[in-house]
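Thank you all for coming.

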Amino acid sequence: MMHCAEYVKPDGRRLWLYGRRPPGPIGPVPSPFASPVSVDTHLRRHPLLREWVIYASHRQDRTFLPPAENDPLAPTTDPANPTELPSGDYEVAVFENRFPSLVPQPGAVPPVQGADTAPAVGACEVVVFAQEAAQSLGELPTDRISLVLQVWAERTRALARAGMAYVLPFENRGTEMGVTLLHPHGQIYAYGFLPQLQARTLAALREHHERTGADLVADLARAERDRQIRVVAARGGVVAFAPPFGRFPYETWIAPTRSVPDLAGLTAEERTDMAFALSQVLRRLDGLWGRPMPYLMTVNQAPTDGAPHPEWTVRIEIWPIRRAPEKLKFLAGTELGAGVFANDVTPEQAAADLRGVSL
């Protein structure tokens, strides 16, 4: 069972503390900031790509790679120098981002000559996986990773109730991915609109479902489990595999073999299986060359529009950006200019390499 306690920070932002037992007792709820930041954000429509671009100039001033002794995501030990989190007995923390790209109630959008604009409706939250700064997500015990999955599910439900159209939990891992705080953490972006990438995905999944009566991602997970060519790890009803069309070196997906649209729909057993598979993948990526693997990890759930989505199965996608021990995969000419990815590692070789890592 997961327990949650909600608080309000001194600058008005909300904080949620989660644990497998009721969180507490905790110290005073802190904030490194006495008052809210002045948020300046809006959307502009890209007429060729037909997608929104967020403009958030206040984010230029966000905290950037502070020294370890000033870790803002560690529990507060000195009340005179508060961090974002209190001391106390809890396992996972979530709080509203002080420098959000999207906000529930944005201000008026100034007219912009030559561009269609809109309010940047949404929400941005920070998810701190553990109080300890030394442990990455993949190094946490399986039951702790399972708790993180529950937290993602609960925050998705809450943001859906708040009217958000799509909720995306994700983790940027490593300074190579642009991380500005080194304490292991992820984020949740909730959008007041359906992003274009998810809209294209939804259209493809619906087309497959209407044509076959089946769910494409669950079909893919079962097929990869049965082929045993690109499987990295599997347990119970969950498979981690290198997709046969992967765009990034060592790209790995984790998905259940039955159709279930979101994390909240997983059974307790499936959630444990997914936590196990996620731990296996992340630890194998780190073990591949004996160094932390930088990656983007996204949790891809169905839109939160209140409609049923039998065509959609939740999947975790992990996009590593290291293609060799000393070489990064940069998105450049063909990827950014044409949207056509060039991959240096075949999915078959990637899966074999990851299976060969000793844990």
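**Arginine 144 and its surroundings**

Leaving out neighbours within four places in sequence, arginine 144 is in contact with Arg20, Glu91, Phe129, Ala130 and Glu132, where contact means heavy atoms within 4.5 Å. Before I go on, please keep in mind that this is a predicted model, in which local features need pLDDT of at least 70 and side-chain atom pairs count only at pLDDT 80 or more, while totals for chains, interfaces and linings use all residues. Residues are numbered from 1 along each chain as its sequence is written, and side-chain values use heavy atoms, with hydrogens and water left out.

Arginine 144 belongs to helix H1, residues 142-161; helices (H or I, at least four residues) and strands (E, at least two) are DSSP runs, numbered from the N terminus. Is arginine 144 buried or exposed? Its relative accessible area is 11%, so arginine 144 counts as buried, given that buried means under 20%, exposed over 50% and partly exposed in between, with a 1.4 Å probe and protein chains only. The side chain of arginine 144 also reaches the backbone oxygen of glutamate 91 at 3.3 Å.

Let me turn to two loop residues. Aspartate 305 sits in the loop between strand E13 (295-300) and strand E14 (315-320), and it is partly exposed because its relative accessibility is 45%. Its side chain reaches the backbone nitrogen of alanine 307 at 3.1 Å.

Leucine 182, in turn, lies in the loop between strand E8 (166-173) and strand E9 (185-191), and it counts as exposed because its relative accessibility is 58%.

Methods. Polar contact = N/O pair within 3.5 Å; in protein donor to acceptor, adjacent residues only side chain to side chain.
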